[in-house]
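Subject: Structure handover

Hello,

Here is the structure you will be working with. Please open it beside this email and follow along. My notes come after it.

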Amino acid sequence: MRSDFQNIAKLGFGCMRLPLLDANDQQSIDLEQFTQMVDAFIEGGGTYFDTAFVYHEGASEKALGEALVKRYPRDAYTVATKCLAWASPHAEEAKSNLGTSLERMGLDYVDFYLLHNVGGERTAKFDEYGMWDFARQKKEEGLIRNVGFSMHDGADTLDELLAVHPDMDFVQLQVNYLDWDDPVIEARRCMEVAQRHNVPVVIMEPARGGRLVELPDRVAEVLRAANPEASLASWAYRFCYNMPNVLTVLAGMSTLEQVRQNVADYRASRPFSPDEQRAFDQAAEILRGMAPSRVRIAATV
């Protein structure tokens, strides 16, 4: 992995579900609390902030501009944002997303730019609109530092995309211990494909949308017996932190307390001890046996 990627903290801040002043208004981000969250994250060693053109109907990028960009030197953080070309009616609109994102955040360039949720019929829109070449051009112009894509699809699709686009700097994948050997999500195989192509991975949904935080008692008891002090969420994140070829692991955070807890867990993180590994394997086996048929996490993440 490139040396500049190795300097990025393994805990990333997902800005999709920020605190709101009005639960019925996605744009009513509580900027005061979000600013405190940004401060706590950076003070804890975090650097990677993940947003998207559509998060909070555009307000996520604007809030990052206020809470982060205006208040910290440019070398104190990295920002990732995304373009959903398949949701745009024409190529011109899809390509205009980048300029709008930069303006909202007050940035001259974005560190990581993702063609968001490729795979299946959605890939055809990125192809039709020329988004791959557009992103490469903007990288050459200095508006993008790293180009990648996110996907909620299987390993064969990932392999095909990386074969066609071998110059991708990174990919973003859904990876967690519940989906590790799932025949639909294929998290393990996807990680193997990315490593074979020598493309680093940003992990999303490490806690499976909160499911690996609120575990059934049978599962939680096994983990707590092995390490009573560890939060249930920390097991899910440690599973991801210690994999090879991981650029960062995104945690979607909505409160200051969540930031503090995730930062504390991250700073205390270490590889599983042999006893912890046995407990983890046992808990994961129980949970997978209880799980209903899998569905992918909503494609808006």
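The mean pLDDT of the protein chain is 94, and 96% of its residues reach 70 or more. pLDDT is the predictor's confidence in each residue, from 0 to 100. Residues 293–301 have a pLDDT below 50. Beyond near neighbours in sequence, that stretch still has 31 contacts in the model. A contact means heavy atoms within 4.5 Å.

Some ground rules. This is a predicted model, where local features need pLDDT of at least 70, side-chain atom pairs count only at pLDDT 80 or more, and totals for chains, interfaces and linings use all residues. Residues are numbered from 1 along each chain as its sequence is written, and side-chain values use heavy atoms, with hydrogens and water left out.

Start with strand 6 (170–174). Strands (E, at least two residues) and helices (H or I, at least four) are DSSP runs, numbered from the N terminus. Five of the five residues of strand 6 are buried, so the rest of the structure largely encloses it. Buried means under 20% relative accessible area, exposed means over 50%, and partly exposed is in between (1.4 Å probe, protein chains only). In a regular strand the side chains alternate between the two faces of the sheet. Here F170, Q172 and Q174 are on one side, with V171 and L173 on the other. Both faces are covered.

Strand 5 (residues 144–151) runs parallel to strand 6, and four bridges join them. Strands pair if DSSP finds at least two bridges between them. S150 has Q172 of strand 6 as its bridge partner.

**H165**

Where is H165 placed? It is in the loop between helix 7 (155–164) and strand 6. H165 has 8% relative accessibility, so it counts as buried. Its side chain makes a polar contact of 2.9 Å with that of R136. (A polar contact is a pair of N or O atoms within 3.5 Å; within protein, one must be able to donate a hydrogen and the other to accept it, and residues adjacent in sequence count only if both atoms are side-chain atoms.) Leaving aside neighbours within four places in sequence, H165 is in contact with W132 and R136.

**Aromatic rings**

The structure holds 18 aromatic pairs. Rings of Phe, Tyr and Trp (its six-membered ring) pair if their centres lie within 6.5 Å; planes under 30 degrees apart count as stacked, over 60 as edge-to-face and the rest as tilted. Take W180 and F239: the ring centres are 5.3 Å apart and the planes are at 90 degrees, so this pair is edge-to-face. W180 lies in the loop between strand 6 and helix 8 (187–196), and F239 lies in helix 10 (residues 232–241), so the pair ties together parts that are 59 residues apart in sequence. W180 and F239 are buried. Both belong to one aromatic cluster, formed by Y177, W180, W235, F239, F272 and F280.

Two charges are worth a look. The charged end of R238 sits over the ring of W235, 5.6 Å from its centre. The charged end of R104 sits over the ring of F53, at 4.3 Å from the centre. The test is that NZ of Lys or CZ of Arg is within 6 Å of the ring centre and within 35 degrees of the ring normal.

**Helix 3 and strand 3**

Helix 3 (residues 59–69) is mostly covered, with nine of its eleven residues buried. Among them are A59, L64 and V69. The cover includes helix 2 (31–43), strand 2 (48–50), strand 3 (78–83) and helix 4 (91–105).

Six of the six residues of strand 3 are buried. T78, A80 and K82 point one way; V79, T81 and C83 point the other way. Strand 2 runs parallel to strand 3, joined by three bridges. F49 stands opposite V79.

N117 is in strand 4 (residues 110–118). It has a positive phi of about 60 degrees although it is not a glycine. At 1% relative accessibility, N117 is buried.

E186 is in the loop between strand 6 and helix 8. Its phi is also positive, about 55 degrees, and it is not a glycine. At 16% relative accessibility, E186 is buried.

N262 is in helix 11 (residues 256–267). It counts as buried, at 10% relative accessibility. Not counting residues up to four places away in sequence, N262 touches L11, Y237, A251 and M253.

Best wishes
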